[in-house]
Amino acid sequence: MRIIETTADLQNLAQELATAPYVALDTEFMRDSTYWPKLCLIQIAAPDVAAIIDPMAEGIDLTPFFELIAKPEIIKVLHAGRQDIEIFWHTGRVIPDPLFDTQIVAMVCGFGEAASYETLARKLAQADVDKSARFTDWARRPLTRRQLEYALADVTHLRVVYEKLSAELARTGRASWVAEEIAALKSEELYALDPTLAWKRLKPRTANKRFLTALAAVAEWREREAQARDVPRNRVLKDEVLLELAASPPEDGDALERIRAVPKGFGASKMGRSLLDAIAAAKNNPPPAFVPDMNRHRHRDPSPAAVDLLKTLLRLRAEHARVAPRLIANAEDIERLAAGEDEGVAALTGWRREVFGKDAIALRNGQLAIALENNEAVVVELED
């Protein structure tokens, strides 16, 4: 087993992989007690090479690795790679490109919504993935050989999965479908973790400007505290506390401590005073520039029957196209379609419109129907 623990060895590995057509990537990290993920291992494999890079090795410089995954001539293969990409972005300021996410491709190519790495490895690589080491503390050293073998298997089987999925994607002609999904995955905004946008994670369901202004302020305060102290957000204050603070902004420490789940003594602490200052300053702030696109735009509640019909249509069209339904439309899309609120619905754009969106509009307009034929639900086109 090849373990890279020095910068010199990493430079040699990068040179060896510089002409590879693709590299399969995975990481092991810890985030239980920190805000920023702690990178513990990097696994990498090409057609004839497989290695583990130890980013915790003393003195190692990861620059050769980041330069490698920035090369435009090498395809970077990951499975459900969002968290890995976030780590690469925050650690090395690089987003792998071109990118091939096997989970996305699998859902486009008919492997359903449960396109886990274990499922794909079993179906495409005829390999049983041993997950017994999944709860390893990857920050501990030394790691056992079994733990390292487990980690490396996440990229060695991924090579076969990639090669077979790549061939299937070419056969189906759906590369443009995947490109739309990958483009979103490569957006730097996805990984920016801008404190001023932290309020959006809480998904408020109101348009009240006073509430949103206060929520934006307390969420930004918590995000900056969590980032500065490198602790999980909920270690600072829990989500429900922020919502209560926004609903009834306290003006002093005593009022702050009357909020549920605020610890005793917090109001008089340095953090408590800092929070109260943020709340006070927010009174002069405008509401956040981006407003929630939840039910507040809804002029009428969608009919439950209409929602059910659209869900059935989605399932039928997804089965026909052999695409995972949740890749086409989510529950919010269905509810907005049922309510006649089409603006901004992703299911009405690009390839999704061809597979489902245009038929969803036709169903809503009475141009399509769902009927039973031989005890199976079918879509019927209605005559004018």
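Guide: A residue counts as buried when its relative accessible area is under 20%. The model here is a predicted one.

Visitor: Which residues of helix 16 are buried?

Guide: They are W351, R352, V355, F356, G357, D359, A360, I361, A362 and L363.

Visitor: What do the buried residues of helix 16 pack against?

Guide: Their partners are helix 7 (175-185), helix 13 (304-321), helix 14 (325-328), helix 15 (331-338) and strand 7 (368-373).

Visitor: How is a pair of aromatic rings described?

Guide: By the distance of the centres and the angle of the planes. The count comes to seven aromatic pairs. In one of them, Y22 and Y162 are tilted, with 4.6 Å centre to centre and 50° between the planes. Y22 lies in strand 2 (residues 22-30) and Y162 in helix 6 (residues 145-172), so this pair ties together parts 140 residues apart in sequence. Both residues, Y22 and Y162, are buried.

Visitor: Which aromatic pair is stacked, with 10° between the planes?

Guide: W177 and W351, at 4.6 Å centre to centre. W177 belongs to helix 7 and W351 to helix 16, so the pair ties together parts 174 residues apart in sequence. W177 and W351 are buried.

Visitor: Which residues form one aromatic cluster?

Guide: Y22, F100 and Y162 do.

Methods: Residues are numbered from 1 along each chain as its sequence is written. This is a predicted model: local features need pLDDT of at least 70, side-chain atom pairs count only at pLDDT 80 or more; totals for chains, interfaces and linings use all residues. Side-chain values use heavy atoms; hydrogens and water are left out. Buried means under 20% relative accessible area, exposed over 50%, partly exposed in between (1.4 Å probe, protein chains only). Helices (H or I, at least four residues) and strands (E, at least two) are DSSP runs, numbered from the N terminus. Contact means heavy atoms within 4.5 Å. Rings of Phe, Tyr and Trp (its six-membered ring) pair if their centres lie within 6.5 Å; planes under 30 degrees apart count as stacked, over 60 as edge-to-face and the rest as tilted.
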